[in-house]
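Please open the model in a viewer and display it as a cartoon.

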Amino acid sequence: MKTRKLFLIIIISLAVSSILIAEVRYDIKGNSIISMTVEDYGIYLQDNPPLDRLYVKDGRIFLLVNPLEIQKVNEAAITYEFNALPPDRTFAPKSGINGDYHTYRETVDLLEELETQYPNLCRVESIGQTIEGREIYVIRISLQDNTTETKPSVFICGCHHAREWISVEVPLLFAQYLVQNYSTNAEIQHILQNAEINIVPIVNPDGLEYSIRTYRFWRKNRRFTEYYSWGVDINRNYTYQWGYDDVGSSPNPYSSVYRGISGSSEPETTAIINFITNNPPEGSISYHNYSQVILIPWGYTYESTPPHYSTLKSIAREMATKMEMVNGTQYSFGNGSEELGYTVNGSMEDWVYGVFKIPAFTIELPPDNYLLGGFVTDEAAIQSAFTENVPGLLYFINWCLDYDLN
């Protein structure tokens with residue numbers, strides 16, 4: 001009898017596990033893009049966790065959903081439309097597995113090459129390890145002189161979200177730009193003689209590698225949870241207003257915006273928090289894509305703006321003006337929740353401003369094709385995205401050296 005009961009328990013356990021694993025498979029395959037009105041999405045959220053929101057256009061919100069989520073939308077009796085989502089193979093770069101984009105290893109090699117070639121200007125350090133054991137690297141760029149005084153710093157990072165490949169490239173190219181042009185550019189000389197620029201091109205190395213090698217639309221890190229699901233959204237895992245509500249992040253491990261079991265539960269988030277806490281900057285910028293917008297705190301609520309909102313908006317406006325002068329690309333700017341059309345809690349932007357009361361922005365880089373999901377940016381757009389961001393970054397750094405919010 002005991003043997004039979006044990007056998008039944010094993011069979012039931014396997015059945016439950018197979019169901020859960022099936023959900024995981026749906027979480028990474030069989031996705032579709034659907035759209036519905038913003039109003040209908042608000043109705044859906046009353047009884048359901050957030051979906052993977054791509055962008056808002058002409059009063060409609062576009063969402064990346066798996067079959068289980070489609071089922072939930074149908075059960076909620078929400079009217080929606082299917083939109084184009086080509087097979088993964090159409091996302092392939094023109095050459096190699098990721099073409100002109102950089103893998104984790106390629107990025108680290110380039111950072112170490114800069115350190116070797118310009119030892120008086122930069123050094124590369126690990127600030128922590130990921131779940132899968134990859135080092136998270138910062139490149140610290142400043143003229144190495146004999147002064148013992150701590151220089152003011154600015155923090156720049158990219159790739160919280162794995163599928164946002166171009167968010168790696170702009171910080172990486174800016175690191176190269178600073179050290180390679182130091183000898184001939186008076187503005188860069190002034191900056192690096194008087195400040196330190198700390199750049200983390202890849203906050204989420206595990207997710208990036210998974211996006212490159214396995215599933216292009218992967219977003220989160222590679223945390224394996226007890227619910228047989230993978231991934232925490234690192235940009236919902238910072239401690240300021242973590243879990244403020246279940247709209248700006250989700251307690252559901254299967255959600256694309258799953259916030260984790262607690263604030264700073266993820267090693268990637270902890271690495272950034274510890275580094276910034278130990279090296280308090282004068283300002284920070286986190287790169288993402290896509291929306292073509294400069295986001296200002298708060299992201300977690302529609303209900304209020306921060307005390308320094310007018311100054312933050314003035315900085316963002318000037319950055320956007322300088323960026324537009326390069327290629328004619330117009331970046332909008334404003335409160336994160338208003339510009340995106342949805343709230344975000346537990347973000348780096350809100351954490352940096354909320355804790356340190358310094359300018360903190362998220363820059364969402366432009367898409368080149370909304371209908372392909374926006375995250376799949378053509379390699380030809382890398383250089384233009386970088387060059388138009390250079391004057392904005394230089395303005396921001398100089399502002400942080402000359403002024404403060406108080």
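Begin with the open sheet of 4 strands, whose order is β2-β3-β1-β4 and whose pairing is antiparallel. Strands here are DSSP runs of E with at least two residues, helices are runs of H or I with at least four residues, and both are numbered from the N terminus. Two strands count as paired if DSSP finds at least two bridges between them. At the edges of this sheet lie β2 (52–57) and β4, each of which pairs on one side only. From one strand to the next, the twist averages 30°; angles run from 0 to 180 degrees between N-to-C directions, and axes are lines fitted to C-alpha atoms, for helices over the stretch in contact.

This is a predicted model, in which local features need pLDDT of at least 70 and side-chain atom pairs count only at pLDDT 80 or more, while totals for chains, interfaces and linings use all residues. Residues are numbered from 1 along each chain as its sequence is written, and side-chain values use heavy atoms, with hydrogens and water left out.

Next, select β1 (residues 32–37) together with β3 (residues 60–65): the two pair in the antiparallel sense over 6 bridges. Within this pair, Ile33 stands opposite Leu64 of β3, and Ser35 has Phe62 of β3 as its bridge partner.

Helix α3 (residues 67–75) lies across β1, β3 and β4 and runs at about 135° to β3.

Select β5 and β6 (residues 135–141) to view an antiparallel pairing over 7 bridges; Glu125 has Val138 as its bridge partner in β6.

Then select helix α12 (residues 381–402) with helix α6 (residues 186–194). Their axes are 11 Å apart and the helices pack at an angle of about 45°. The two are therefore oblique to each other; under 35 degrees would count as roughly parallel, over 145 as roughly antiparallel, 65 to 115 as roughly perpendicular, and the rest as oblique. The crossing of α6 and α12 is left-handed, a term used if the near helix is turned anticlockwise from the far one by less than a right angle, with right-handed used if clockwise. Glu187, His190, Ile191 and Asn194 of α6 make the contact with Leu394, Ile397, Asn398 and Leu401 of α12. These residues divide into 4 nonpolar, 3 polar and 1 charged; Ala, Val, Leu, Ile, Met, Phe, Trp, Tyr, Cys and Pro count as nonpolar, Asp, Glu, Lys and Arg as charged, and the others, Gly among them, as polar.

Two loops deserve a selection. A cis peptide bond, with omega of about 0°, joins Pro297 and Trp298; Trp298 is found in the loop between β10 (293–296) and α9 (309–327). In the loop between α7 (205–213) and α8 (267–278) lies Gln241, a residue other than glycine with a positive phi, near 55°.

Finally, colour the model by pLDDT, the predictor's confidence in each residue, from 0 to 100. The protein chain averages a pLDDT of 87, and 87% of the residues score at least 70. Over residues 1–28, pLDDT is below 50, and this stretch has 23 contacts in the model beyond near neighbours in sequence. Over residues 86–91, pLDDT stays under 50, with 9 contacts beyond four places in sequence. Where pLDDT is low, the predicted coordinates should not be read in detail.

Definitions and conventions:
Contact means heavy atoms within 4.5 Å.
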